[in-house]
Amino acid sequence: MPTRAGTRVKGLCFPGMEGTAGYLTAFLLLLKGYKTRGVMGIDMPSNWTALHWGLSIENVEHIISQAESKVKRFATLILQGDTKFNGIISLVLGLMLAPISLMYLVLAQFMLAKLFFASDKCVGCGVCARYCPKQAIRMTGEDKEKRPYWRYSCDSCMACMNYCPHEAIEVSPLLAVVFYYIATVPFISYLISNWTGYYIEKNWIDLIQYISILITVYLVYLISHQFMRFPLVRTIFSKLTHTRYFRRYQAPGVPFAKSDK
């Protein structure tokens with residue numbers, strides 16, 4: 001029963017898509033000797049506040065209540081010995097989108113991990129680093145001016161953004177544009193073909209391009225992170241981000257973390 005990002009706007013519910021997650025899990029369990037009697041995706045409130053505002057309490061409660069009823073019906077069938085396999089359409093779409101999913105896994109995820117920054121609201125309390133599920137945030141700088149730095153191990157779960165007690169975590173579309181430019185301009189291929197004169201197999205060029213993208217993204221983010229020490233730069237980045245206008249998402253029953261400062 002994989003969860004998926006459900007949303008609700010003006011009373012209309014929009015289901016998420018689990019893709020291959022349910023049947024891939026069933027296949028892996030099969031390899032381990034287990035038998036699967038049911039597969040079903042369950043909508044939970046989307047927390048992707050890098051792209052949309054956090055859902056209201058009313059919408060969150062509605063989505064969760066719908067999910068609870070669905071889980072109970074599913075569990076009842078399974079416990080009675082029946083079988084129920086849903087999500088065939090999501091499986092087909094997931095297989096069709098597999099190349100895009102692969103690109104996200106090997107490249108886009110790393111770029112998304114580098115779109116976060118801390119605005120002037122940040123007090124260096126370190127709550128984001130302490131509560132990061134992947135321990136992907138490192139606090140850098142002087143004791144009185146520590147700021148979060150996101151590493152490549154970040155998988156953009158948005159926990160830092162949604163639970164920052166000062167709502168200081170933002171996403172920069174400006175960096176997204178820069179990273180997109182880096183990823184789409186085949187400058188490595190150009191350099192190899194025009195500067196060396198050597199012919200290199202396309203697979204090797206793609207690998208070199210991939211490594212160069214990761215290194216360039218790392219360096220660009222490192223430079224931008226250093227410049228974030230200056231109030232003017234933080235102000236510019238803050239003014240140019242859409243997330244400063246978004247409501248944050250708070251999971252029911254999970255209180256916001258308290259700052260030490």
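How far is the sulfur of cysteine 157 from the closest cysteine sulfur, and which cysteine holds that neighbour? The distance is 5.9 Å, the neighbour is cysteine 132, and the gap is too far for a bond. This briefing describes a predicted model, in which the protein chain has 261 residues, 37% of them counted as buried. The secondary structure of the chain comes to ten helices and nine strands.

**The chain as a whole**

- The accessible surface of the protein chain comes to about 15900 Å², and 66% of that surface belongs to carbon and sulfur atoms.
- Among the contacts that join residues at least 6 apart in sequence, 76% are between residues at least 24 apart.

**Cysteines**

- The count of disulfides in the model comes to zero, and two of the cysteines can be followed in detail to see how their sulfur atoms are placed.
- Cysteine 157, whose closest cysteine sulfur is the one in cysteine 132, counts as partly exposed, with a relative accessibility of 29%.
- Cysteine 160 counts as buried, at 11% relative accessibility, and it is listed with the residues that have the most contacts inside the largest nonpolar core.

**Nonpolar cores**

- In soluble globular proteins, nonpolar side chains tend to be buried together.
- The largest nonpolar core of this model has 33 residues, and those with the most contacts inside it are Phe116, Ile137, Trp150, Cys160, Ile169 and Phe179.
- Apart from that core lies another one of six residues, and among them are Val60, Ile63, Tyr163 and Tyr249.
- Phenylalanine 116, when its neighbours within four places in sequence are left aside, is in contact with residues including Trp150, Cys160 and Ile169, and also with Ser156, Glu170 and Tyr221.

**A buried glycine in a loop**

- Glycine 124 is placed in the loop between strand 6, which covers residues 116–118, and helix 5, which covers residues 127–130.
- Although it sits in a loop, glycine 124 is buried, with a relative accessible area of 9%.
- Glycine 124 and glutamate 145 are 21 residues apart in sequence, while their C-alpha atoms are 6.2 Å apart in space.

**The two faces of helix 10**

- Helix 10 runs over residues 231–239, and within it Val233, Arg234, Phe237 and Ser238 are buried.
- These four residues lie on the same side of helix 10, because they cover an arc of only 130 degrees around its axis.
- An α-helix has 3.6 residues a turn, so residues three or four places apart point the same way.
- The face of helix 10 that is turned away from its buried side carries the exposed residues Leu232 and Lys239.

**Salt bridges**

- Side chains of opposite charge can pair when their charged atoms come close.
- The structure holds seven salt bridges, and one of them joins the side chains of aspartate 43 and arginine 4, at 2.8 Å from N to O.
- Aspartate 43 lies in strand 4 (residues 42–45) and arginine 4 in strand 1 (residues 3–9), so this pair ties together parts of the chain that are 39 residues apart in sequence.
- Both partners of that pair count as buried, aspartate 43 at 18% relative accessibility and arginine 4 at 14%.
- Arg4 and Asp43 are also linked with Glu18 in a network of salt bridges.
- Arginine 8 and glutamate 58 meet through their side chains in a salt bridge of 4.0 Å, N to O; because arginine 8 lies in strand 1 and glutamate 58 in helix 2 (residues 57–79), the pair ties together parts that are 50 residues apart in sequence.
- In this pair arginine 8 is buried, with a relative accessible area of 12%, whereas glutamate 58 is exposed, with a relative accessible area of 57%.
- Lysine 134 forms a salt bridge with aspartate 155, and their closest N and O atoms are 3.8 Å apart.
- Lysine 134 lies in the loop between helix 5 and strand 7 (137–140), and aspartate 155 in the loop between strand 8 (147–150) and helix 6 (159–163), so the pair ties together parts that are 21 residues apart in sequence.
- Both of these residues count as partly exposed, lysine 134 at 41% relative accessibility and aspartate 155 at 28%.

Definitions and conventions
Residues numbered from 1 in each chain as written. Predicted model: local features only at pLDDT ≥ 70, side-chain atom pairs only at ≥ 80, totals over all residues. Heavy atoms only, no water. Core = buried A, V, L, I, M, F, W, Y, C linked by side-chain atoms within 4.5 Å. Buried < 20%, exposed > 50% of the residue type's maximum accessible area, 1.4 Å probe, protein only. Contact = heavy atoms within 4.5 Å. Disulfide = S-S within 2.5 Å. Areas by Shrake-Rupley, 256 points an atom, 1.4 Å probe, with all protein chains shown as cover. Arc of directions from axis to C-beta.
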